[in-house]
Amino acid sequence: MRFIPLIVARPEVQMAIDEAIMRARIEGKAPDTVRLYAFSPSSVTIGRFQSVVHDVNLGEAKRLGVPVVRRITGGGSVFHDEFGEITYSVVVGEDYHPMLRNVETSYRYLAGPLVDALKELGLDAGFSGLNDIVANGKKISGSAQTRRKGVILQHGTFMYSTRVEILGKVLRVSKAKLADKGVSSIWERVTTLEREGIKLGRWEAYELLKNSFFNAFPMEEGELTDYELGLAEKLIEEKYGNPEWNEMR
């Protein structure tokens, strides 16, 4: 596997890079790849089939300078705090490991290093439902996935110091969804390392995750190819930087 070191960039760039790696992997022009990245500025990504108006408070997002970009993966809306969240991304062939053939076990296999990292910090961590990771009973990470031509793209969050009060302002979380989780507010549902008493900066959180992924998978550090960078530029122009894509549905 190839490991791409931390990239800090706007949401349309990050989503374009993820898809570019996946396309290159499908075409046999890139290896299985793990990368860690951060959004700047703080951003919202929404699932492939979500309604922007229904799931995001667009007025509040605009007021706070938070761009909104649609992913190609499923799942719900996500707030990526530039001051408190790192995103992981894995692009891998379904034949890499038997656990990848099943959706539920694939989530656990590919996000396993996040659970390992949390346990290393002494937290009671594990999986909840299909694609969430909890620490001391509260959600600290969520993942989303898509599959194309035998290749999986899975990416997800790691909230080390996310400002939950801003998350609550820019995302519309329905009372029904909270009730389904047995809570009445986002504060009861979501946590961060900082809220659990562990204060890490970006680089400390990055090194923690990087080491955990290197322990889980045989990897070598590498970089994006010119082909992938070219694809990403095209995807920014045609898709992720285009309001028609981001505001559809």
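A charge sits over a ring if NZ of Lys or CZ of Arg is within 6 Å of the ring centre and within 35 degrees of the ring normal. Select Lys239 and Trp245 to view such a case: Lys239 lies over the face of Trp245, at 4.7 Å from the ring centre.

Before going on, note that this is a predicted model, in which local features need pLDDT of at least 70 and side-chain atom pairs count only at pLDDT 80 or more, while totals for chains, interfaces and linings use all residues. Residues are numbered from 1 along each chain as its sequence is written, and side-chain values use heavy atoms, with hydrogens and water left out.

**Stop 1: aromatic rings**

Rings of Phe, Tyr and Trp (its six-membered ring) pair if their centres lie within 6.5 Å; planes under 30 degrees apart count as stacked, over 60 as edge-to-face and the rest as tilted. A search of the whole structure finds nine aromatic pairs. In one of them, the rings of Phe3 and Tyr206 are 6.5 Å apart at their centres with planes at 40°, so this pair is tilted. Phe3 belongs to strand β1 (residues 2-9) and Tyr206 to helix α8 (residues 202-216), so the pair links distant parts of the chain, 203 residues apart. Helices (H or I, at least four residues) and strands (E, at least two) are DSSP runs, numbered from the N terminus. Phe3 is buried at 0% relative accessible area, and Tyr206 is buried at 3%. Here buried means under 20% relative accessible area, exposed over 50%, and partly exposed in between (1.4 Å probe, protein chains only).

Tyr240 and Trp245 form an edge-to-face pair, 6.0 Å centre to centre with 80° between the planes. Tyr240 is buried at 1%, and Trp245 is buried at 12%.

Next, select Tyr88, Tyr96, Tyr109, Phe213 and Phe217, which ring pairs link into a cluster. Then go to Lys29, which lies over the face of Tyr227 at 4.2 Å from the ring centre.

**Stop 2: helices α1 and α9**

Two packed helices are described by the angle between their axes and the distance between the axes. Axes are lines fitted to C-alpha atoms, for helices over the stretch in contact, and angles run from 0 to 180 degrees between N-to-C directions. Select residues 11-26 (α1) and residues 226-240 (α9): these helices pack at about 125°, with axes 8 Å apart. The two are therefore oblique to each other (under 35 degrees is roughly parallel, over 145 roughly antiparallel, 65 to 115 roughly perpendicular and the rest oblique).

Ala20 lies in helix α1 and is buried, at 1% relative accessibility.

**Stop 3: helices α4 and α8**

Select residues 103-120 for α4, which packs with α8 at an angle of about 125°, the axes 9 Å apart. That makes α4 oblique to α8. On the α4 side, the contact includes Leu110, Pro113 and Leu114; on the α8 side, Leu208, Leu209 and Phe213 are among the residues.

**Stop 4: Val8**

End at Val8, in strand β1. Val8 is partly exposed, with a relative accessible area of 39%. Tyr37 is 29 residues from Val8 in sequence and 5.8 Å from Val8 in space, C-alpha to C-alpha. Neighbours within four places aside, Val8 is in contact with Gln14, Ala38, Ser40 and Arg202.

Conventions
Contact = heavy atoms within 4.5 Å.
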